[in-house]
Amino acid sequence: MKGAAILIVQDDFLEAERLRVLLEQAGYTIAGIAGRTAPAMQLATQHHPDLAIIDMMLEIDVDGIRTATALARQHGVKILVTTGFPDSIIKAEGVPELACAIARKPYTDEEILAAVAACLA
Amino acid sequence: MRISVRLLILLVVAALPIFALQVHGLLEGREERKAKIAQRALDLARLAAAQQDQFIEGARHLLAAAAQFPEVQNLDAAGCDSRITDLLKHFPIITGMGAVAPDGVRFCTGGRGEAEASIADQAYFQEAVRRRSLAISGLILGGRSGVPRIDFAYPALGGAREVRAVVVLAYSLERLSESLSATPLPAGATISLVDGSGILLARAPPAPESIGQVVRESAFTRTMLDRRQGVLESVGIDGMERLHGFAPLLTSADLFAVVGLPWRAAFHEADRMFWRDVIVTAVSFVLAALVALLIGEHWISRPVATLEQVVDRMESGDLSARARLGRRGSPELHRLAASFNDMASSLQARQAALQASEARLRAVVDTAADGIITINRQGMIESVNPEVERLLGYGRDELIGQNVRMLMPSPDYERHDEYLARYLRTGEAQIIGIGREVTGRHKDGSRLPLFLSIGEFSLEGERFFTGIVRDITERKRFEERQRLLVAEIDHRAKNLLATIQAMALLTGSDTGSVRDYAETLIGRLQAMARAHDLLARDKWQGARLHDLIEGEFAAYVGADADALALSGDDLLLSPRAAQTLSLVFHELTTNAAKYGALSVPHGRVTIRSSIERAPTGDSLLLTWTESGGPEVAAPERSGFGTVVIQRSIGHDLDGSATIEFERDGLRCDIRVPLS
């Protein structure tokens with residue numbers, strides 16, 4: 001689904017930048033880039049993205065899962081989770097129930113694009 | 001039974017035959033004496049009978065002589081009287097003497113006459129006439145004097161053996177008794193003369209009032225008549241018991257001499273000797289008993305009592321007790337006491353060893369870092385060590401005797417009895433001898449992870465189980481931390497790889513040759529590595545701003561101190577800020593080195609840092625100003641470096657960075673909120 005609006009929520013600037021470049025090149029519209037929960041929710045309200053690519057940041061102030069859950073509930077946004085956590089934690093956090101796809105870091109361009117395509121299909 | 005009592009019984013048993021022999025001897029002696037007395041009574045009776053026979057024979061001779069007198073034969077009364085009176089002068093014992101005619105009429109009285117006028121009707125007279133020989137009357141009471149007497153009648157025969165007259169002699173029984181008294185007799189003895197009817201005719205000592213009486217029971221008389229002579233026991237007229245010997249007179253079948261000897265008196269000697277022997281034996285016995293008791297007491301009872309006391313003390317647990325017999329006791333008892341003492345010493349040593357061993361074991365159990373619980377086959381707690389109390393919060397008294405399942409949460413609480421029963425039934429161990437992690441229940445209801453290993457043992461036929469529990473809360477926590485740490489390391493490594501991957505991809509967008517690309521990429525990676533180093537040095541608490549900037553400069557400018565003028569507030573950056581700013585300063589520095597102030601010898605970078613205080617929150621302000629370099633102009637298209645400088649601070653730190661290309665050189669203003 002070319003032109004779909006994608007919200008990038010990544011704490012690491014370089015990763016966010018990489019996704020932006022890659023997705024723009026692939027023809028998607030970037031609905032916004034956020035490093036934290038609050039700006040992410042704000043961007044979602046403004047731009048109604050189709051998909052959010054969210055890193056599973058498990059920190060006190062930046063909780064990717066909570067953000068993802070809120071986005072999915074409040075805005076019906078599809079969730080693609082990127083993570084470096086092992087499967088046990090992914091499962092423990094309930095990610096498989098929440099996400100349309102999971103990209104395990106480090107992922108290739110092809111992998112993330114395939115995941116995005118699968119989520120938007 | 002006490003030993004002294006046994007000794008006494010032994011003495012009694014030993015003394016019994018002696019007593020029996022003494023009693024037997026006494027009885028035998030009595031019998032012997034009695035037999036002797038009986039024999040003597042018989043002999044005396046015979047002797048008395050013979051004396052009386054002699055007397056009667058004398059009387060017969062006297063009568064026979066008188067019968068030859070012509071005055072008697074011719075019935076000459078006067079002549080007869082004188083002749084008989086002369087004759088009687090020689091025989092004072094004769095009471096009276098006379099003669100009667102064949103018709104029984106008396107014609108001669110012989111002086112001492114007190115006779116009846118006619119004795120024709122007297123049996124003895126008739127017998128003397130008929131048998132023409134001496135006849136003796138029975139007891140005759142009467143006459144003129146009334147004195148009891150016996151009469152003798154003797155016929156005076158003529159030439160043709162015809163009876164011409166009968167001579168009569170009267171014999172006073174009193175005199176007879178006197179004559180009997182002349183017989184020598186032992187003390188208490190009696191002698192008497194009785195006729196066939198049992199009538200007493202004479203007696204010594206005299207008993208005039210009994211003369212003429214039947215003084216003996218008829219049985220005695222019957223026996224006497226039957227046996228003629230013999231010995232009988234009987235009570236005399238004086239009420240005294242005697243042995244009576246009896247013998248008939250040869251001269252008169254109807255008269256018996258009876259001699260009574262008192263036999264009780266004869267036993268006095270035997271009895272006295274018997275009692276003397278008895279007393280001597282009894283005294284000996286008592287003395288022997290006393291000696292035996294003393295010996296028993298000294299040699300046996302007291303040593304045995306001492307041994308008993310020692311055993312009692314040992315029994316009550318005092319193994320220091322020793323038997324000391326001193327000089328008492330037999331060698332056997334001394335040996336026994338020595339054996340006892342040896343045994344006690346050995347026991348004491350063994351008990352001490354046991355106690356020491358037990359104390360050591362107890363110390364091991366009490367100080368064990370693991371909880372040790374012993375239960376029986378019913379699951380009841382038999383013992384616990386202090387660690388169990390500490391671990392599970394219960395006091396020892398609250399646990400002993402309780403079902404061990406109280407220390408378990410559900411579902412083990414409900415199932416433990418069944419586990420135990422199944423193991424006892426089938427022998428299939430689920431945990432015994434294996435050990436596993438279980439959950440324990442603390443008194444306060446909380447649960448705690450335990451490692452439980454169970455051993456089994458049997459004692460006196462009872463099966464017991466020993467559970468050793470170790471609190472593995474810390475281990476669990478450590479394992480969890482380890483797991484998280486590994487997960488975190490994994491996570492960070494993956495994130496870092498993803499970052500490097502992103503950087504590698506992004507670096508490729510604005511570099512020319514591969515060499516150029518590699519240099520640029522390596523430079524950026526090194527900047528990241530330096531930030532890492534700084535953070536690692538402070539254990540990831542943060543990094544100092546000035547250290548970070550100086551480090552970056554040192555890597556690219558070298559020791560040219562003039563190239564950098566760093567001033568202002570220094571502060572500790574958060575790891576995230578340090579990582580972001582490190583890359584930003586790397587881009588600024590490499591940019592300056594390639595195109596700006598640091599690309600010429602006298603170019604210079606001035607960095608000022610300051611903290612801006614504001615009610616909404618403090619901010620770090622950084623100003624990067626280049627001077628002395630070539631003239632710069634804004635590039636036509638923003639490279640990756642510029643993108644990093646301008647946008648990473650906004651993204652990562654909610655701050656901002658602006659770049660201005662002034663005539664003197666590039667200027668960058670950075671604002672980072674310090675929240």
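Two residues are in contact if their C-beta atoms, placed from the backbone, lie within 7 Å. The views below come from a predicted model.

**View 1. Helices α12 and α13 of chain B pack against each other.** Helix α12 of chain B covers residues 473–507. Helix α13 of chain B covers residues 514–537. They pack at an angle of about 145 degrees, and their axes lie 10 Å apart. The crossing of α12(B) past α13(B) is right-handed. Which residues meet here? From α12(B) come B:Ile500, B:Met503, B:Ala504 and B:Thr507. From α13(B) come B:Tyr517, B:Thr520, B:Leu521, B:Arg524 and B:Leu525. By class, this contact of α12(B) with α13(B) holds 6 nonpolar, 2 polar and 1 charged residues.

**View 2. Chain B touches chain A.** Here 19 residues of chain B are in contact with 16 residues of chain A. On the chain B side, the elements that give two or more residues are α12 and α16 of chain B. Which element gives the most? That is α12(B), with 13 residues. The side of chain B that touches chain A has 8 nonpolar, 7 polar and 4 charged residues.

**View 3. An open sheet in chain B is built from 5 strands.** Follow the order β17-β19-β20-β22-β21 in chain B. The pairing is mixed. Strands β17 (564–568) and β21 (656–661) of chain B are the edges, and each pairs on one side only. From one strand to the next, the twist averages 10 degrees. Now look at β20 (residues 618–627) and β22 (residues 666–674) of chain B. This pair is antiparallel and runs over 8 bridges. Find B:Leu621: B:Arg671 in β22(B) stands opposite.

**View 4. Helix α4 of chain B has buried residues.** This helix runs over residues 123–131. B:Tyr124, B:Phe125 and B:Ala128 are buried. An α-helix has 3.6 residues a turn, so residues three or four places apart point the same way. The face of α4(B) turned away from the buried side carries exposed B:Ala123, B:Arg130 and B:Arg131. The cover over the buried residues of α4(B) includes β3, β4 (149–157) and β5 (163–172) of chain B. After α4(B) comes B:Arg132, with a positive phi near 50 degrees.

**View 5. B:Ser137 sits in strand β3 of chain B.** The strand spans residues 135–140. Is B:Ser137 buried or exposed? A residue counts as buried if 20 or more other C-beta atoms lie within 10 Å of its own. B:Ser137 has 20 other C-beta atoms within 10 Å, so this residue is buried. Leaving aside neighbours within four places in sequence, B:Ser137 is in contact with B:Gln122, B:Tyr124, B:Ile150 and B:Asp151. B:Arg149 lies 12 residues away along the chain, and its C-alpha atom is 8.9 Å from that of B:Ser137.

Conventions: Residues are numbered from 1 along each chain as its sequence is written. Chains are lettered from A and ligands numbered from 1 in the order in which they are written. This is a predicted model: local features need pLDDT of at least 70, side-chain atom pairs count only at pLDDT 80 or more; totals for chains, interfaces and linings use all residues. Two strands pair if DSSP finds at least two bridges between them. Helices (H or I, at least four residues) and strands (E, at least two) are DSSP runs, numbered from the N terminus. Axes are lines fitted to C-alpha atoms, for helices over the stretch in contact, and angles run from 0 to 180 degrees between N-to-C directions. A crossing is left-handed if the near helix is turned anticlockwise from the far one by less than a right angle, and right-handed if clockwise. Ala, Val, Leu, Ile, Met, Phe, Trp, Tyr, Cys and Pro count as nonpolar, Asp, Glu, Lys and Arg as charged, and the others, Gly among them, as polar. A residue is buried if 20 or more other C-beta atoms lie within 10 Å of its own, exposed if 12 or fewer, and partly exposed in between; C-beta atoms are placed from the backbone.
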